[in-house]
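User: I would like to know what stands behind the labels used for this model. Please set each value against its cut-off as we go.

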Amino acid sequence: MRFKFLKYYANFLFIYVARCVGFMMAKMVLRELMDPLIFNKFKSFLTKGNDPACLREFLFPILSRNSPSGNAGLQILDRHWGAGWNLLSLLLAVKPSQRISCLEALRHPFLCGPRWRVDPSMDIIRWGLGSTAVRITEEYIYGWPQRNRLAHFIELMEMLNPHSKPKNWLELLPGKWRLLYYTGKHIGLTLRQPSARVLIGDVRLTVIRASKKNTTLLFKSEIGFKVMIGREWPHDKAGVAGKLQMNSLFRLTAGRRLYLKEESVTRKSSSSPESNTLDSVVQKFSGRKWKKAREAKEFPSSLPVAKLVSGDVEVAMNLNAPISKNVDVARDVVREVRTQVPPEMFDLSKIACGTYVDSRLLVIRGVNGSALLFTRSCMDGSY
């Protein structure tokens with residue numbers, strides 16, 4: 001009895017000191033945090049109530065700024081499918097009830113490694129899938145192998161969505177999201193001669209819930225870009241900055257998306273990458289390693305999603321001088337931005353449903369079936 005009490009007291013005490021352990025771990029692995037200015041930004045990020053699961057998104061620009069060949073601390077935390085960031089987020093959780101216990105921390109894959117054959121939880125599996133997808137997008141190599149892998153991981157994430165009910169979406173969806181990848185067609189400036197040469201910057205989606213009494217959400221799509229002037233634009237990227245913003249109100253309801261059975265029959269004779277992805281998903285979940293992910297013996301014909309019904313769309317654009325007063329150039333810029341960005345980010349009414357959401361990542365499907373992968377963005381310029 002006394003041993004059980006001491007064990008409970010030790011776990012209880014560790015939960016409250018876990019945040020200190022998290023700060024110590026972060027400083028040991030990330031040498032940049034020894035700089036007082038960077039550490040103050042790191043501490044300010046946490047004290048303002050931001051989710052520690054978004055810590056990598058916040059620190060990545062800082063850690064990569066002076067390390068063109070790769071940051072050692074970043075590589076350590078990225079090992080084993082981002083297990084280090086997962087442990088750090090659990091240690092630094094704002095609420096004590098969300099922090100990891102002492103025994104769970106000692107059994108965490110980041111400390112044990114794959115050789116110990118630790119049976120991972122479903123949260124670790126979801127985290128690993130999302131971290132792998134993020135790492136692939138950061139390579140900026142979008143050949144067919146990379147695109148197939150990304151589509152494959154997005155399909156797996158959708159099947160393991162932990163928050164399928166509308167009330168979960170209403171809690172997790174509000175905030176700022178940065179677009180990482182689009183499974184549809186990619187069109188850039190290569191081998192084209194557009195009327196306006198535009199380089200797309202960050203594409204962000206801001207979701208605001210005006211009232212907790214209803215399910216209405218305000219979606220704001222912001223597309224940052226630069227208009228290149230002159231013939232030296234391949235070498236000189238100092239163009240004219242601009243921003244395109246679209247707003248629309250959405251109503252969120254429960255819905256379902258046809259998934260494996262119906263789509264596999266209709267696409268069985270097709271050799272497209274999407275049909276190959278579905279086949280690989282079935283094969284992946286049939287293996288012994290993924291038994292925990294399958295709650296049913298048979299694959300479902302559909303999965304619950306958050307259905308998004310759009311209202312009217314408002315469009316506004318800001319352009320700096322000297323081309324802000326030229327109507328023809330502005331029209332060409334809008335046409336070029338629309339060509340390069342996903343159609344769902346330009347015309348918000350083409351967003352059909354949300355298929356995956358957690359504190360860190362978001363997957364939205366358009367009316368054409370393409371998926372948009374987002375990561376939660378905490379960069380508001382106040383750190």
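**Labels and their cut-offs**

Analyst: Arginine 365 lies in strand S7, residues 361–366. Strands are DSSP runs of E with at least two residues, helices are runs of H or I with at least four, and both are numbered from the N terminus. This is a predicted model, in which local features need pLDDT of at least 70 and side-chain atom pairs count only at pLDDT 80 or more, while totals for chains, interfaces and linings use all residues. Residues are numbered from 1 along each chain as its sequence is written, and side-chain values use heavy atoms, with hydrogens and water left out.

User: Why is arginine 365 called buried?

Analyst: Buried means under 20% relative accessible area, exposed means over 50%, and partly exposed is in between, with a 1.4 Å probe and protein chains only. Arginine 365 has a relative accessible area of 7%, so the residue counts as buried.

User: Which residues does arginine 365 touch, not counting those up to four places away in sequence?

Analyst: Among them are Glu155, Glu158, Arg257, Ile351 and Cys353. Contact means heavy atoms within 4.5 Å.

User: Why does phenylalanine 23 count as buried?

Analyst: Phenylalanine 23 has 19% relative accessibility, and therefore counts as buried. Its place is in helix H1, residues 2–29. Leaving aside neighbours within four places in sequence, phenylalanine 23 is in contact with Phe39, Phe42, Leu46 and Leu92. In sequence, phenylalanine 23 and leucine 92 are 69 residues apart, while their C-alpha atoms are 7.5 Å apart in space.

User: What makes the pair of arginine 178 and glutamate 57 a salt bridge?

Analyst: A salt bridge is a side-chain nitrogen of Lys or Arg within 4 Å of a carboxyl oxygen of Asp or Glu. For arginine 178 and glutamate 57 the N to O distance is 2.9 Å, and the pair is a salt bridge. This pair links distant parts of the chain: arginine 178 is in strand S1 (residues 175–182) and glutamate 57 in helix H3 (residues 55–65), 121 residues apart. Both arginine 178 and glutamate 57 are buried.

User: How many salt bridges does the structure hold?

Analyst: There are ten salt bridges. One of them joins arginine 126 and aspartate 123, at 3.1 Å from N to O.

User: Why are arginine 126 and aspartate 123 separated by about one helical turn?

Analyst: Because arginine 126 and aspartate 123 are three residues apart in helix H7, residues 122–138.

User: Buried or exposed: which is arginine 126, and which is aspartate 123?

Analyst: Arginine 126 has a relative accessible area of 16%, so it is buried. Aspartate 123 has 55%, so it is exposed.

User: What label does arginine 335 get from its relative accessibility?

Analyst: At 45%, arginine 335 counts as partly exposed. Its side chain meets that of aspartate 332 in a salt bridge, at 2.9 Å from N to O. Aspartate 332, at 17% relative accessibility, counts as buried.

User: Why are H2 and H3 called roughly antiparallel?

Analyst: Axes are lines fitted to C-alpha atoms, for helices over the stretch in contact, and angles run from 0 to 180 degrees between N-to-C directions. Angles under 35 degrees count as roughly parallel, over 145 as roughly antiparallel, 65 to 115 as roughly perpendicular, and the rest as oblique. Helix H2 (residues 36–47) and H3 pack at about 160 degrees, with their axes 11 Å apart. H2 and H3 are therefore roughly antiparallel. The contact is made by Ile38, Lys41, Phe42 and Phe45 of H2 and by Leu55, Phe58, Leu59 and Ile62 of H3.

User: How do the residues in the contact of H2 with H3 divide by class?

Analyst: Seven are nonpolar, none polar and one charged. Ala, Val, Leu, Ile, Met, Phe, Trp, Tyr, Cys and Pro count as nonpolar, Asp, Glu, Lys and Arg as charged, and the others, Gly among them, as polar.

User: At what angle do H7 and H8 pack?

Analyst: H7 and helix H8 (residues 144–159) pack at about 155 degrees, with their axes 9 Å apart. That makes H7 roughly antiparallel to H8. The residues of the contact of H7 with H8 divide into seven nonpolar, four polar and one charged.
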